[in-house]
There are 2 protein chains.
Amino acid sequence: MATLTRKQREIRDRSDLILRVSRELLLERGYLGLTMDRIAVASEYSKGTIYQHFRNKEEIVAALAVQTAEKRVELFRRGGTFLGSTRERMLGMGVAAEVFLRLYPDHFKAEQITRAASIREKISAERAQHLLQLEHGCVDVATAIVQDAVQAGELSLPEGVPPETVSFGLWCLTYGVFTLLVTEGRPLAELGFPEPLRLLEHNQNLLLDGHGWTPLSADHDYAAVRTRLLAEVFPEELAQLEGRA
Amino acid sequence: MATLTRKQREIRDRSDLILRVSRELLLERGYLGLTMDRIAVASEYSKGTIYQHFRNKEEIVAALAVQTAEKRVELFRRGGTFLGSTRERMLGMGVAAEVFLRLYPDHFKAEQITRAASIREKISAERAQHLLQLEHGCVDVATAIVQDAVQAGELSLPEGVPPETVSFGLWCLTYGVFTLLVTEGRPLAELGFPEPLRLLEHNQNLLLDGHGWTPLSADHDYAAVRTRLLAEVFPEELAQLEGRA
DNA sequence: AATTGGGGTTGACGGTTCGTCAAAAAATAA
DNA sequence: TTATTTTTTGACGAACCGTCAACCCCAATT
């Protein structure tokens with residue numbers, strides 16, 4: 001028994017090592033520069049051993065995406081726990097997203113790779129399922145807040161408009177900004193959008209205003225709430241971010 | 001001279017043929033199934049000849065993306081020409097985007113592939129530049145409408161908020177929806193978002209409402225405007241779409 | 001201490017694909 | 001017709017993926 005669990009632990013540690021090494025390679029040399037041979041050399045195991053852990057290269061990238069998605073869900077969950085009005089809690093989602101992107105821009109980039117259809121095709125069904133589930137976890141957190149808002153009377157949705165509509169809009173807006181930020185990089189800044197994350201925040205506010213979610217951004221100092229959120233809900237992350245700058 | 005131009009014409013025709021064949025292969029077999037050998041066989045030229053037209057595979061995909069982006073800009077330009085209030089013209093952008101995605105979903109998918117950093121790296125600087133320029137062409141059309149709206153007094157932007165903010169928000173929202181639609185496909189429908197394009201429209205309206213762009217969606221029947229836009233500005237496209245369904 | 005059995009590890013190998021380049025073919029000029 | 005230039009071709013080297021027979025290690029047994 002004891003032998004077995006030690007073995008299992010060793011195997012898990014090695015999976016972690018492979019992923020760590022792979023992420024580094026992905027950062028340094030890009031997706032096309034990530035080869036199984038290089039992973040083998042860098043991890044100091046043979047190629048065959050790598051293949052005992054992951055069926056193919058895509059599985060490795062997918063596993064990295066799972067790690068990323070797990071981190072994001074965790075941040076979103078925390079963001080939703082903020083004590084305040086429902087709209088303030090929803091702002092917590094926005095702050096969580098921003099923290100996520102600023103802390104792990106490269107993780108998000110790697111995650112994007114797995115969105116290419118030709119790569120998803122080669123990923124095992126379970127992992128693909130897992131990935132999808134994590135993704136929707138974020139939306140679910142947001143939707144729950146929307147429902148709370150409706151119950152609290154701070155938001156009223158017209159007939160036939162399900163609460164998912166709101167989270168869907170926010171999700172897509174945020175996702176769009178992130179994607180463009182990550183894939184265009186510099187050009188975005190050069191072409192009149194110097195602070196995309198600030199713009200995102202502004203647009204998120206206006207979208208919620210459009211829904212009529214009270215208190216409206218004109219009636220409340222959400223910039224101050226944002227500062228408080230960062231300090232109270234994401235203190236370590238804030239420190240990390242400031243440590244870099 | 002005449003000989004030269006005939007040669008040039010032949011070369012251009014062949015480039016077109018290669019692209020046509022490549023797009024078909026891309027559709028049928030996905031990105032990983034698109035190989036230079038297959039392109040050679042399908043186009044009935046040798047591999048060497050293909051390489052005289054395109055430096056590498058990525059260049060071919062990028063050229064396809066350029067075609068796509070050109071189509072989109074054209075649709076956006078047309079959408080902006082609608083005779084109506086500034087907000088109705090902005091709705092024209094939204095309709096153009098919808099028409100684009102519904103007519104050429106696979107083109108958009110192919111375009112997405114070029115967003116992977118490792119692919120952009122291998123694309124020639126000129127083509128990458130061209131791609132970027134076409135992309136921003138769409139935003140520019142939208143920004144011009146925003147400026148018209150401000151001048152017409154139908155939209156007032158707070159101090160320090162440039163008109164690009166509005167187009168940026170719309171762009172990202174739309175882009176996010178498209179990306180999720182194309183990369184998630186079915187799952188999106190299965191998870192509570194049966195009609196993403198309808199939801200997008202709704203969110204676009206609310207975002208503009210949030211900006212205070214009059215007439216607000218509560219005061220105006222934009223669904224009717226949308227129908228008119230389709231009929232008056234995109235008649236052939238509408239016919240094509242209906243012909244499919 | 002020597003033997004044996006089996007799970008774990010390895011890297012050489014077959015199969016693909018990319019991109020090149022010397023040779024062949026075609027077009028043009030003499 | 002012959003010489004010269006241009007274009008086309010596909011065989012080839014290099015890089016990579018994923019496999020598998022051989023090898024190694026170690027723990028249980030004699």
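1. Of the 16 residues around DNA strand C, those that come nearest are A:Arg14, A:Thr49, B:Met36, B:Lys47 and B:Tyr51; a residue is near a strand if one of its heavy atoms lies within 4 Å of it. Sugar and phosphate make up 62% of the atoms of DNA strand C that come within 4 Å of the protein.

2. The model is predicted, with local features requiring pLDDT of at least 70 and side-chain atom pairs counting only at pLDDT 80 or more, whereas totals for chains, interfaces and linings use all residues. Residues are numbered from 1 along each chain as its sequence is written, chains are lettered from A and ligands numbered from 1 in the order in which they are written, and side-chain values use heavy atoms, with hydrogens and water left out.

3. Polar contacts to DNA strand C (here, pairs of N or O atoms within 3.5 Å) involve both base and phosphate. A polar side-chain atom of B:Lys47 is 2.3 Å from a base oxygen.

4. The surface near DNA strand C receives its highest contribution, three residues, from H3(A). Helices are DSSP runs (H or I, at least four residues), numbered from the N terminus. By class this surface has four nonpolar, seven polar and five charged residues; Asp, Glu, Lys and Arg count as charged, Ala, Val, Leu, Ile, Met, Phe, Trp, Tyr, Cys and Pro as nonpolar, and the others, Gly among them, as polar.

5. DNA strand D is likewise surrounded by 16 residues, the closest being A:Met36, A:Lys47, A:Tyr51, B:Arg14 and B:Thr49.

6. Eight aromatic pairs are counted over all chains; rings of Phe, Tyr and Trp (its six-membered ring) pair if their centres lie within 6.5 Å, with planes under 30 degrees apart stacked, over 60 edge-to-face and the rest tilted. A:Phe100 and A:Phe108 form an edge-to-face pair, 6.4 Å centre to centre with 85° between the planes. A:Phe100 has 0% relative accessibility and therefore counts as buried (under 20% relative accessible area; exposed is over 50%, partly exposed in between, with a 1.4 Å probe and protein chains only).

7. Ring pairs link A:Phe100, A:Tyr104, A:Phe108, A:Tyr175 and A:Phe178 into a cluster.

Methods:
A polar contact is a pair of N or O atoms within 3.5 Å; within protein, one must be able to donate a hydrogen and the other to accept it, and residues adjacent in sequence count only if both atoms are side-chain atoms. Helices (H or I, at least four residues) and strands (E, at least two) are DSSP runs, numbered from the N terminus.
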